[in-house]
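Please look over the sequence and the model shown here.

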Amino acid sequence: MKTIKDVAALSECYDLLVIGAGPAGMAAAATGAEQGLSTLLIDENPAPGGQIYRGITTTPVAAKETLGADYWRGTDLVRDLTASEATYAPETTVWSVGPAAEGPSDPGRMEVGVSVGGAARLIQARQVIAATGALERPFPIPGWTLPGVMTAGGAQIALKTSGLVPDGRVVVAGSGPLLYLLTAQLRAAGAKISVMLDTTPHENWGRAIRYASDFLRSPYLGKGLKLLLGAHRGMRIVRGITAIEADGDSRVRSVRFRHGSKEEELPCDVLLLHQGVVPNINLANAVGCALDWDDDQLTWVPQTDEWYETSVKGFTIAGDGAGIGGAESAALRGRLAALGAGHRLGRLSAKDRDQMAAPVRTELMRAGRGRRFLDVLYRPAKAFRVPKADDTIVCRCEEVTAGKLRETVALGVAGPNQMKSFLRCGMGPCQGRLCGLTVTELIADTRGVSPNEVGGYRLRPPIKPITLGELAALPKTPAAIKAVER
Amino acid sequence: MSGVFGGGAPDVIVIGAGIHGCSTALHCAMRGLKVLVIEKDHAGRHSSGVNAGGVRQLARHVAEIPLSVYSMELWHRIAQLVDDDCGFTSDGQVLVAESEAEYDSFRARVTELNSFGFSHEELIDARELRRLVPAVAETCPGGIVSRRDGAALPFKTTQAFRRKAEALGVRFCEGVRVTGIQAEGSAWTVSTNVGAVRAAKIVNAAGAWADRIAADLGEPVPLEVIAPMLMITARVEHFIKPVVILRGRKLSFKQFANGTVLIGGGHLGRALRDQNTTVLDWAKLAENAKTVWDLFPIMRGTTIVRAWAGIEARMPDDLPVFGKSRIHEGIFHQFGFSAHGFQLGPGAGAVMAELIATGNTNTPISGLGIERFAA
Amino acid sequence: MFRRLPDLGGETVNFTIDGRPATARLGDTVAAALLASGMESCRTTPVSGAPRAPYCMMGVCFECLVTINGIGNRQSCLIPVAEGMAIETQKGARSIASEYSAKGDAA
């Protein structure tokens, strides 16, 4: 593996560009390079691993049991990547992906805007695999913008990369297997978590039970039981939570919650929120990939074929970005995506591709077993997706509240894109990454129609902000120079 | 026949619910006409909803100045017209000279306009330029200001015209595509994907798609589909009030009340009108950024958060096609505004309604008719 | 809000927050370094002036924006802290004059 830290060191064109160095991206890049494709792996973090294996090559948390065996499994992926011929560009952002200007070139060829250390450049790729992973589902409750309130995943990242643990009176709240895992990791590292507020709706158990048999035969069962038993030791767990509110001034001071008919308030220095993860589809959306609403996972999922190619030719999505499946599944899907790209580039015959893919697909089936049960069981409650309280902030960047959104729907504003024009929601620096799902679901709920009918934000590039100076200094590409000469 | 479109038989059918279609519909309704608007997407979906929002008389071609001046009067009482301020602010627009030679040509232009009786453009020296635009590069020798110009919010404006038109009884059919127009006696039948509807008067305000309708009517025009690009920065502290434009290089530059800065000027991306999408050309946006870098050094570290393009129509002479059909009674054209039609919207709608209702207008529009493209 | 696990070892990095000296562990992102230093918030919002602190730590939320070595709106959760780095918290909409001091070169 060759590591690049200067935008000028990038080639004009790569056979395969992989965006994101999590499990799917690392596997895709290694598999692509193995086929002899010139492969570039771009990632915005300083080291490989993505979020699930964040800091795996650099973490100061030495005790293996703190982060657990599943975490250290990522080492194999890093090893394969390091041994490969792929080029790796850390601390590099991709701010635009679009079709390359017309020419004699192959039809799927893309023009990609990248930026390293304050210098931008346009390069080309014949195939792109977006391994942009997942992000934590928005958790809009009153007070969630206060300092001291953050995602449980965010606290886990601080632990993995820097050996930091939340201090003082720590409360975790939400739902899902990851909530229990993150809590266990933080506690193993020494964080004193006084209470866990479990928002899983009671009625989900009834719905999930018919998917239980697969779950009972899956490795999730053993892991889940261990986490559940561990959680009960030395930590209060309050189940059936129906409302949560963070209070404070310059930072969070207390958390109020309701369970059954009871309301309680506890002092709190750090409130960690988590209610599952959803595909990070910003790049796919900006590229113009067709998306569907998935009513089980309550999120947008890109339409893909069996090699994860989207509706945009040459643009593939591997891993959780194409639908949540977890780390193991992500790596397998990364391999399949790279095999598909290799075939489209003429590197692999259909037969070879299928032969190489067969064992991966078997593994993938196994890795997915039991997930449906978890998806249904931990489908987050509506109260925490569509905030009831009108003063709850939905768009954190532009500080647009649920009440304001409902009022504007009443004016006849039917979808998220018109809503942007009226309220500026989704137009701040995060470009709707954090409010997109909430805005769609809230409009759908207010209008009494399905999220599919309401649609989602149409995202505009740059997918990551760049400075005017960076853009002004963009070197002229040979293609652009040719266009001028013509 | 007009069943699927609801209501009774319309007097006028407007094709296209951009700012022009909505304005014409409103003004026709104000004259007591029954209007149906047919729009293939939704009102303001394309350039009317996503343009730079410049409300400018400044630097226009002489042929469209009367229409622009008329429109400006409406802009200054826009809230009375549509019950919505449309986000209109009037802090002037400034055309900045980047060199002495350019400044000389500006002087000549203002003198010429004065000789035609237009006084909205005013030559300013370096000192007045600096007073109006303190952040401008020190090398700029002066410019032209049009003090009553300003800017508005395009989507809000188009929606306001649409809402007011609806309140006055105009029917809007969105998501309906026109497939053909045939003469039927003294009236016209407009066929769509959901059925046909008849009216005596038809307005072709279909923007980037208007050439297809014109061709169908036997009046082909050399319309080019373009995608002017815009970008916007993160919020920065307020530092500029008027809109700034350039002559030699492409730039329009405006800071909104919320602090974001809009950068445009007519660099073109690729328009794919059959897919309803555009593709940005980053090399040209880089050129655009470089112009700002030169003209406003203090902008160099600001963050670009969004870039986009709208689909619209440009004519070879950069002037709109506006007026009666050359060959057909009852057909009117209103398209091809060539990336500067937003300001003209209110006035052009009023003049078009006058033409439709009375057959004539006092506002000079010669030089804008479709006959200039007749072979 | 956060404390560092004991006995991690690693090299120390010196930087400043709004001119005040602070230290971090080599390998920290700027956001992690701010959390470790006891900072409550890293900016106030341009809309209401409310304080904000890092929220997602993975480049999604843009809450952790700070000015680094004169360049504003940097995502501090993605940038490793470096020796001598000058980090400034942001107050509302950034003054454009401070950006002028950050000179870049456009070719």
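**Cavities and interfaces**

The second largest cavity has a lining made up of A:L135, A:E136, A:R137, A:P138, A:F139, A:W144, A:T151, A:L434, C:Y55, C:C56, C:M58 and C:V60. The model is a predicted one. By residue class, this lining of the second largest cavity has 9 nonpolar, 1 polar and 2 charged members. The space in the second largest cavity comes to about 70 Å³.

Rolling a probe the size of a water molecule over the atoms shows where empty space is left. Over the whole structure, the search gives 5 cavities of 30 Å³ or more. The largest cavity holds about 210 Å³ of space. It is lined by 20 residues, and those closest to its centre are A:P429, B:A234, B:R235, C:P46 and C:N73. The lining of the largest cavity splits into 8 nonpolar, 7 polar and 5 charged residues.

Two residues named in these linings return at the interfaces. B:R235, one of the residues closest to the centre of the largest cavity, forms a salt bridge with A:E398, with 2.2 Å between the closest N and O atoms. C:Y55, which belongs to the lining of the second largest cavity, is one of the three residues that supply 21% of the area chain C buries against chain A.

Consider chain C and chain A next. The size of an interface is often given as the accessible area lost when the parts come together. Between chain C and chain A the buried area is about 3900 Å², and carbon and sulfur atoms give 61% of that area. C:F2, C:R3 and C:Y55 together account for 21% of what chain C buries against chain A, more than any other three residues. In this contact, 40 residues come from chain C and 53 residues from chain A. The polar side of the interface of chain C and chain A consists of 3 salt bridges and 16 residue pairs in polar contact, both residues being at pLDDT 80 or more. A salt bridge joins C:E40 to A:R251, where the closest N and O atoms lie 3.1 Å apart.

Chain B also meets chain A, with 32 residues of chain B and 28 residues of chain A in the contact. About 2600 Å² is buried between chain B and chain A, 63% of it on carbon and sulfur atoms. Of the area that chain B buries against chain A, 28% is supplied by B:R270, B:W282 and B:R306, more than by any other three residues. How many salt bridges are there between chain B and chain A? The count is 1, and the pair B:R235 and A:E398 forms a salt bridge. There are also 9 residue pairs in polar contact across the interface of chain B and chain A, both at pLDDT 80 or more.

Within chain B there is a further interface, between its domains. Domain 1 covers 3-53 + 155-221 + 319-373, and domain 2 covers 91-148 + 224-314. Taken over C-alpha atoms, the centres of domain 1 and domain 2 of chain B are 30 Å apart. Domain 1 of chain B brings 18 residues to the contact and domain 2 of chain B brings 16 residues. The two domains of chain B bury about 1300 Å² between them, with 50% of it on carbon and sulfur atoms. Between domain 1 and domain 2 of chain B there are 2 salt bridges and 10 residue pairs in polar contact, both at pLDDT 80 or more. The side chains of B:D274 and B:R212 form a salt bridge at 3.1 Å, N to O.

Terms used
Residues numbered from 1 in each chain as written. Chains lettered and ligands numbered in written order. Heavy atoms only, no water. 1 Å grid on protein atoms, 1.4 Å probe; cavity = no way out; pocket = protein on both sides within 12 Å on 5 of 7 lines; lining within 4 Å. Points joined across faces, edges and corners; volume = space filled by probe spheres on them. Nonpolar A, V, L, I, M, F, W, Y, C, P; charged D, E, K, R; others polar. Domains from an automatic or database assignment. Contact = heavy atoms within 4.5 Å. Buried area = accessible area lost by both parts, 1.4 Å probe. Salt bridge = Lys/Arg side-chain N within 4 Å of Asp/Glu carboxyl O. Polar contact = N/O pair within 3.5 Å; in protein donor to acceptor, adjacent residues only side chain to side chain.
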